[in-house]
Amino acid sequence: MSAVLVVHGGAWAIPDELAKASVDGVKTAACEGFAVLKRGGSALDAVEAAVRTLEDNAVFNSGHGAALNTDGEVELDAIIMDGRTLACGAVSSVQNIAHPVSLARAVMEKTSHVMLTGRGANLFAESIGITTVPTDTLVTEYERKEWEKQKTYVTGVMEDFNSQWAHDTVGAVAVDSAGNVACATSTGGIRNKMVGRVGDSPIIGSGGYADNSSGAVSCTGHGESILKVTLARLILSHVEQGKSVADASRLSLQHMGDRVQGAGGAIVVSPSREWAATFTTERMAWAAVEHDVLWYGLEPNEKLQEKIAQ
Amino acid sequence: MLPVVVVHGGAGHIPKERSEKSTEGVCSAVRAGYVVLKRGGSSMDAVVEAVTHLENNPAFNAGCGSVLNVKGEVEMDAIVMEGKTLGSGAVSAVRNIANPIQLTRLVMDKTSHACLTAEGASQFARSMGVPEVPMESLITEYARMRWRKNLVPDANPVECQMGKMGTVGAVAVDSEGNVACATSTGGMLNKMEGRVGDTPCIGSGGYADNQSGAVSTTGHGEAIMKVTLARLILFHMEQGQSAEAASDLGLAYMKSRVSALGGVVTVDPQGQWAARFSSHQMSWAAAQKDTLHYGLYVGEHFTQGIDEPLLQGI
């Protein structure tokens, strides 16, 4: 059977000046990830490749281009999960790593643990030869300016994160030709977050979940709200109850809005190659590839397509 | 049926010489939580009170008595959640504080975040005036002995983990029908520095929702995460299963899908409760209608007046 891969570049009020670059970025990442599947690679390999591409792209808030915490430093969260075995790896609050998603995969494959945090995650990275990069290489001029702007505000603004003000986490889900699903999510978190703040992204069942018996999900949006409803696991529980992936996503995001007034987005694939990209924020950059057709969108209900050049 | 509070002192295999202390510990913690509820306190107040008692008791792997990481240090994880608003607070890999559960409540109440980790959690604790304690004060002789034993190359920390009390936790329903959960742990024996287990991960170490109930889990952390055990049990309850049946379904799934054992305490908003485990033992206790319930082995269930001295099982 054919393979499918979906990516997102974050659900939030993406400003017009970032719109085109965001859409171009997810399209490129989706094609990179799909190329892995076409070569016969696993869903796990494909989501890692897609997310690495997004982490390298300074338009998105992960890896290069990550948001700064109150101290002006970069702390990154990421998760990867294999739906075949439920094996999972995650890192939280890791500093100065260019590809947190690959470090998460190393946690999954080279340790008996699922999650490493803070200095421990950096020590592990060092021990397996993943090099740290200077903070300045991860921080864009844009992010530094935004951080300074908010820094000079009254401090009360920091406490005033509007739940509707989501951020640009990146993520990918895929199903490979063998029917295995996988997910990956990576983020720099919210701007001016407290030192050590962990959002939804690295938390299994919130930022992502993958299970061959139902599907794979990667989430984005207001992290604290996503955590409260364990959004990824919630979506898959609806799929387990017989809902389509699109209905399951809509129902769950609506529940998150009603119950905790949070907005966000999710991408989902099922082992039977159903897929959906859904959001309740103003915009979400997403792209999907199936049967050599590239689908993408940014606005609500927007679904454009183009043929991939062979 | 209300109020009710249920606590656990960890699932695993408890050496005979330590079982008495475990039973006494969970009974005393559940009484402390019950007093809070009887005074009209909230379920959140009650679970934090009960877990604080367990953290302060060196017989359990949380707060004082935590297991040590591979470097011989204490790093602790904890979570609280309240079912009315789904508000939640967690800390992971936090050091040098006596009661991580109280810090999680501050994260929930005083920040716009849900989880703080490592040095950031310590910074927040300092800013809130939470006293720092020397690591030595959290380390027992028993914990140090077990750490040394497991430094040998062929040691199996997962296997040995089951040889000691695990995580501690509590769930409660107050007289208004609000549910809450709290879970706290020193984690896994000889874990890597910075290892985060299931405990501080919402939906894994605990979950609370007034629409279905509250769960606190214990057992092999990595396996609990893979099946998001607390959330899984509540999904079953949303589908109409009882607290007991849902707990058994969740634990059976974890055993069949990822071959791991654990235990849970579960309540529903009406006050039905369950203490279930697939491991050899789990020390647990419950208080409801002025009756104390407790047990340690599968099928064991003693009851007596809440204020009577412990009669059996010790």
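UniProt positions follow the numbering used here, feature names are shortened, and annotations may be inferred rather than shown by experiment.

## Basis of the model

This is a predicted model, in which local features need pLDDT of at least 70, side-chain atom pairs count only at pLDDT 80 or more, and totals for chains, interfaces and linings use all residues. Residues are numbered from 1 along each chain as its sequence is written, chains are lettered from A and ligands numbered from 1 in the order in which they are written, and side-chain values use heavy atoms, with hydrogens and water left out.

## Annotated active-site threonines

For chain A, the unreviewed UniProt entry lists T169(A) as "active site". T169(A) sits in the loop between α7 (156–159) and β5 (170–175) of chain A. Helices (H or I, at least four residues) and strands (E, at least two) are DSSP runs, numbered from the N terminus. The relative accessible area of T169(A) is 1%, so the residue is buried. Buried means under 20% relative accessible area, exposed over 50%, and partly exposed in between (1.4 Å probe, protein chains only). Leaving out residues up to four places away in sequence, T169(A) touches H8(A), G9(A), G10(A), N61(A), T185(A), S186(A), T187(A), S201(A), C219(A) and T220(A). Contact means heavy atoms within 4.5 Å.

In chain B, the UniProt annotation "active site" (unreviewed entry) covers T167(B). T167(B) is placed in the loop between α6 (157–161) and β5 (168–173) of chain B. T167(B) has 7% relative accessibility and therefore counts as buried. Beyond residues up to four places away in sequence, the contacts of T167(B) include H8(B), G9(B), G10(B), N61(B) and T183(B). Others among them are S184(B), T185(B), T199(B), T217(B) and T218(B).

## Helix packing around α9(A)

Helix α9 (residues 231–240) of chain A packs on helix α10 (residues 245–260) of chain A at an angle of about 135°. Their axes are 8 Å apart. Axes are lines fitted to C-alpha atoms, for helices over the stretch in contact, and angles run from 0 to 180 degrees between N-to-C directions. α9(A) and α10(A) are therefore oblique to each other. Angles under 35 degrees count as roughly parallel, over 145 as roughly antiparallel, 65 to 115 as roughly perpendicular and the rest as oblique. The crossing of α9(A) with α10(A) is right-handed. A crossing is left-handed if the near helix is turned anticlockwise from the far one by less than a right angle, and right-handed if clockwise. From α9(A), L231(A), L234(A), I235(A), H238(A) and V239(A) take part. Their partners in α10(A) include V245(A), A248(A), L251(A) and M256(A). The residues of this contact divide into 9 nonpolar, 4 polar and no charged. Ala, Val, Leu, Ile, Met, Phe, Trp, Tyr, Cys and Pro count as nonpolar, Asp, Glu, Lys and Arg as charged, and the others, Gly among them, as polar.

α9(A) also packs on helix α8 (residues 229–238) of chain B. Here the angle is about 35° and the axes are 11 Å apart. This crossing is right-handed. R233(A), L234(A) and S237(A) in α9(A) meet R231(B), L232(B) and F235(B) in α8(B). By class, the contact has 3 nonpolar, 1 polar and 2 charged residues.

## Buried sites in chain A

Helix α4 (residues 118–127) of chain A has buried residues G118(A), G120(A), A121(A), N122(A), F124(A) and A125(A). They pack against β3 (87–94), α3 (100–110) and β4 (115–117) of chain A. Just after α4(A), G129(A) takes a positive phi of about 80°.

R105(A) is found in helix α3 of chain A. R105(A) is buried, at 13% relative accessible area.

## Backbone and loop details in chain B

Most residues other than glycine have a negative phi, and most peptide bonds are trans. A cis peptide bond joins L2(B) and P3(B), with omega about 0°. P3(B) lies in the segment before β1 (4–12) of chain B. A118(B), in helix α4 (residues 118–127) of chain B, has a positive phi near 50°. A118(B) is buried, at 18% relative accessible area. S259(B) is not a glycine, yet has a positive phi of about 50°. S259(B) is in the loop between α9 (243–258) and β10 (262–267) of chain B, and is exposed at 63% relative accessible area.

S279(B) is found in the loop between β11 (273–277) and β12 (281–288) of chain B. At 4% relative accessibility, S279(B) counts as buried. Apart from neighbours within four places in sequence, S279(B) contacts A11(B), G12(B), L261(B), G262(B) and V298(B).
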